[in-house]
Amino acid sequence: MIPRPPRGVGRAQMLVAALLASLVALAVGHRLDPALGDRALALAPTPDAQVRDKIAVLTITEDTLAGFAYRSPIDRGFLADLILRLDAAGARAIGLDILLDQPSDPAKDAHLIAALETVATPVVLARADTDDGLSARQAAYLADGLAGRTSGWIALERDEVDGIVRHLPRPRGPHGTQTPSFAEALVGTPPALPAPERAGRILYSHGSDGAPAFATYPAHTAALLPDVWFADRIVLIGTDLPTIDRHPTPLVATRGAQAGSLPGVTIHAHLTAQHLAGLTLPTPPPGLSLALTLAVALLVAGVGRTARPAWLWLGGLAGLAAYAAGAAGLIRAGVMLPPLAGPPLAGLATALLLGLARWRAERAERAFLQDAFARYVSPAVVSRIASGRLSLALGGETREVTYVFTDLEGFTTLAETLPPQEVGRVLNGYLDGLCDRMTAHGATIDKIVGDAVIGFFGAPDDDPDQAAHAVRLALALDAFSQDHRKALATEGLTLGVTRIGVHKGPAIVGNFGGARFFDYTGLGDTVNTAARLEGANKALGTRLLVSETVAAACAGDQILRPAARLLLKGRSTPLACFEPLAPDAASAGWLAAYRAAYASLDTDPDAAARALETLLAERPDDPLARFHLARLHAGARGATVTLESK
């Protein structure tokens with residue numbers, strides 16, 4: 001049964017590869033993109049020094065707390081005095097990044113409330129609720145205190161992947177009545193950034209020569225500092241304590257864990273500067289990231305389905321470089337921070353999946369080629385074609401080869417007496433046996449013509465021991481044919497003997513035929529001589545004959561006995577031929593007797609006749625002894641036999 005040809009990489013496989021690659025890329029990109037984006041932020045625009053100079057930070061440090069009678073809550077009287085001091089200095093706005101979520105000393109609480117109500121400078125208070133970790137009592141107390149006052153949410157959004165504060169905090173509350181973030185409230189209403197752009201990356205600023213990005217002073221020194229240091233500045237007040245309200249930022253990637261971890265009040269200062277500068281770096285919504293990742297995967301799949309692997313990888317590298325350049329341009333322009341890992345990974349994963357699919361398809365195609373084509377051409381030739389070592393172009397080359405011709409006696413007559421199905425069964429069983437042995441012995445099958453099988457050694461691959469291999473094959477073919485005859489005889493079918501001829505010599509071997517059909521075969525006198533040796537078996541009564549060139553090449557490896565010197569039609573000199581024998585004949589006495597009788601054919605015909613008669617008395621079925629004795633009785637002399645046929 002002819003195998004069904006395999007399918008190549010189809011559109012369905014292309015789509016599946018793209019979808020699988022996209023899913024993998026999205027999952028991996030979700031983990032990698034934040035960290036890659038941290039490093040890519042070095043390309044993004046950040047607030048310049050003029051903008052940063054409009055912001056100052058007063059930090060409550062351990063030294064500040066050392067001057068208070070208690071650590072928590074932070075001394076409200078101190079905060080009131082600090083607000084009054086900044087108002088007197090002409091601050092533009094004051095941001096108190098400290099939650100007033102519980103009562104303290106009543107007198108100090110009253111002092112703070114009075115300060116908030118009397119100062120001319122806008123004061124933005126910190127807002128939070130139970131979602132930010134406050135208890136219900138704390139949230140209620142804070143809400144009462146913030147009523148009628150300007151406030152902003154101070155909660156910072158930590159990335160769910162690694163806890164780093166990367167993204168702009170979003171306004172919170174019912175749509176239309178949203179409370180702005182702390183930084184937005186400090187900058188003023190309406191916010192500097194339009195609502196659709198309030199999502200994106202925080203653009204952390206860098207101070208020159210490693211200095212802080214903003215003027216920062218300990219809060220307990222504010223009374224000693226000049227007014228000009230606060231005049232017309234937005235001043236943020238918050239804690240800078242080792243274990244309270246500190247957050248890792250993208251600066252960890254470039255400055256290390258310690259330097260990249262900032263107090264919450266400093267992060268709000270960065271946010272305030274970004275809003276003042278009107279800068280934004282949006283991140284694409286999940287739908288856009290998915291669409292871009294899938295588009296890259298589909299593009300690679302479409303190209304990779306037909307492109308050569310080398311061009312695919314070269315194109316992939318060029319595409320990766322183009323994507324990186326495009327992403328860098330978008331970041332520099334502040335347009336967007338595109339997904340950096342997902343799309344390239346999708347393209348790479350798609351290329352790998354398609355490469356695997358194409359490898360499997362090509363492997364299946366090669367297997368199909370070898371399985372199906374070998375039914376018509378020698379497997380040795382198919383293997384060379386499939387590996388690319390043998391061209392399918394027309395033409396040939398001169399090679400030293402050893403041809404093996406076989407022919408089945410009387411099969412045409414037998415076929416005329418059998419039903420067609422039975423003819424096919426008998427012939428196919430016979431041909432299968434011959435072809436199996438030819439391939440097992442390394443022969444290249446030239447062709448099958450009817451019941452004749454023709455093969456050769458020495459091409460397409462060189463074979464230094466081709467003559468010995470050919471003789472072993474001839475003996476194996478003869479043994480199979482005899483056993484097959486006996487097996488069919490038990491079914492009442494009489495199959496003729498198989499005659500085999502073997503000759504070694506030069507031949508032109510290659511692809512011969514035409515543009516539409518050709519086969520891998522040999523041409524020349526060597527091929528013709530092997531065929532005529534096969535035919536000479538009928539005259540001599542033998543089943544196997546090999547030429548003198550074959551005998552000379554494997555004299556030490558095989559048991560051969562001289563058969564005759566054949567004077568073939570069209571040749572001026574006779575060709576010595578030999579009969580291969582099974583290895584157990586080496587020590588047989590009759591073989592020595594035959595060789596002696598054969599040597600006497602030219603020198604003493606009478607002695608040769610007596611020796612042959614003695615040999616036939618011992619081995620009456622010896623075909624060569626019977627053949628030469630008949631010739632001697634007919635008056636012939638010598639071992640030269642003229643053959644007119646073939």
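**Close-up 1. The largest pocket holds about 770 Å³ of space.** Keep in mind that this is a predicted model. Two elements, H1 and helix H10 (286-304), each put two or more residues into the lining. H1 is the top contributor to that lining, with 6 residues.

**Close-up 2. A nonpolar patch sits on the surface, made of Val16, Leu20, Leu23 and Leu353.** Helix H1, which spans residues 11-40, gives the most to the patch, with 3 residues. Leu353 belongs to helix H12 (residues 342-373). Its relative accessibility comes out at 32%, so Leu353 goes down as partly exposed.

**Close-up 3. Ile234 lies in strand S6 and is zoomed in on here.** The strand covers residues 234-239. Buried or exposed, which is Ile234? It's buried, because its relative accessibility is 0%, and the cut-off for buried is under 20%. Setting aside neighbours within four places in sequence, what is Ile234 in contact with? The list runs through Lys54, Ile55 and Ala56, then Arg92 and Ala93, and on to Leu186, Thr272 and Leu276.

**Close-up 4. Ile234 and Gly95 are 139 residues apart in sequence.** In space, the C-alpha to C-alpha distance between Ile234 and Gly95 is 7.5 Å.

Conventions. Residues numbered from 1 in each chain as written. Predicted model: local features only at pLDDT ≥ 70, side-chain atom pairs only at ≥ 80, totals over all residues. Heavy atoms only, no water. Patch = residues over 30% accessible without salt bridge, like charges linked within 9 Å, V, L, I, M, F, W, Y side chains within 5 Å. Areas by Shrake-Rupley, 256 points an atom, 1.4 Å probe, with all protein chains shown as cover. Salt bridge = Lys/Arg side-chain N within 4 Å of Asp/Glu carboxyl O. Helix = DSSP H or I, 4+ residues; strand = E, 2+ residues; numbered from the N terminus. Buried < 20%, exposed > 50% of the residue type's maximum accessible area, 1.4 Å probe, protein only. Contact = heavy atoms within 4.5 Å. 1 Å grid on protein atoms, 1.4 Å probe; cavity = no way out; pocket = protein on both sides within 12 Å on 5 of 7 lines; lining within 4 Å. Points joined across faces, edges and corners; volume = space filled by probe spheres on them.
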